[in-house]
Amino acid sequence: MPRPVRALAFDVFGTVVDWRSSIARQAEAILTAAGVTGIDPFDFADRWRARYPGAVRASNEAGRGFVLLDVIHRETLDRVLGDLDLALGEPERAALVACWHRLDPWPDAAEGLRRLRALVPVAACSNGHVALIVTMTRHGGLVWDAVLGAEFAGAYKPAAITYQSTAAALGIEPGELMMVAAHHADLAAARAAGLQCAFVSRPMEYGGRPAPDAAYAQEWELSVTSFLELADALPPLLAR
């Protein structure tokens, strides 16, 4: 018999916030101010994000010790700029990395989190570090009961410790924590770590293109199209 859900843990990038449009908008302004023309800002955002999954996995495996996501974003940015043969200066590179601190939430996110938080504690379980998530939270008018995840665990998702340490920090068992994400791969790793899972569809995360992790799809405990729908669907799982 599944345990009652006692808290929710949220992926942030793509699930709570629209990284693609936010990065494209900010990057276009920075590149234009630097005199760079002819770059599709959405292609730039996609290229940058495409380097992220491999970079965090490599960081987990390299034995280098945990580094903040700002460091990984800077390393991957430098590679993207090299691919595009763009010679930006240090101020522009730093400004681009800081864009990840100011990602706009999806339209349902703030109200949905407020409704969900009235039911159970809600925590960010993100690969973003605390300073990044705090800045983003204030930018988007969001509210969390806790900011946990990679920096707290000392490892990036999909490492099992990232999910399990979030449950431990909230004083509950992994099976009492529900991971909420728009990414099947994230949920598959969370389920393997003992968590329950809720999938939230974000079809515009990749501009309407198929998600790159569709092959990881499973039958999750819940599957919804918004946080508002999740708030309506969650109560029966709290009382079982």
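Student: How many of the nine residues of helix α10 (residues 184-192) are buried?
Tutor: This is a predicted model. In it, helix α10 is largely enclosed by the rest of the structure. That is because most of its nine residues are buried; the count is seven.

Student: Which elements do the buried residues of α10 pack against?
Tutor: The buried residues include His184, Asp186 and Leu187. Ala185, Ala188, Ala189 and Ala190 are also on the list. Their packing partners are α9 (160-169), β4 (177-181) and β5 (196-200).

Student: Which residues touch the most other members of the largest nonpolar core?
Tutor: Nonpolar side chains tend to be buried together in soluble globular proteins. The largest nonpolar core here has 58 residues. Helix α1 (residues 19-33) gives the most to this core, with six residues. The residues touching the most other members are Leu8, Phe10 and Val16.

Student: How many residues are in the second, separate core?
Tutor: Ala188 belongs to this second core. Ala7, Ala9 and Phe199 are also among its members. Its size is 18 residues.

Student: Is Asp85 buried or exposed?
Tutor: Asp85 lies in the loop between α4 (69-83) and α5 (90-98). Its phi is positive, about 60 degrees, although Asp85 is not a glycine. Exposed means over 50% relative accessible area. Asp85 has 71% relative accessibility, so it counts as exposed.

Student: What is omega for the cis peptide bond that joins Lys157 and Pro158?
Tutor: Most peptide bonds are trans. The bond between Lys157 and Pro158 is cis. Pro158 sits in the loop between α8 (150-153) and α9. Omega for this bond is about 20 degrees.

Note on methods
Residues are numbered from 1 along each chain as its sequence is written. This is a predicted model: local features need pLDDT of at least 70, side-chain atom pairs count only at pLDDT 80 or more; totals for chains, interfaces and linings use all residues. Side-chain values use heavy atoms; hydrogens and water are left out. A nonpolar core is a set of buried Ala, Val, Leu, Ile, Met, Phe, Trp, Tyr and Cys residues joined through side-chain atoms within 4.5 Å. Buried means under 20% relative accessible area, exposed over 50%, partly exposed in between (1.4 Å probe, protein chains only). Helices (H or I, at least four residues) and strands (E, at least two) are DSSP runs, numbered from the N terminus. Contact means heavy atoms within 4.5 Å.
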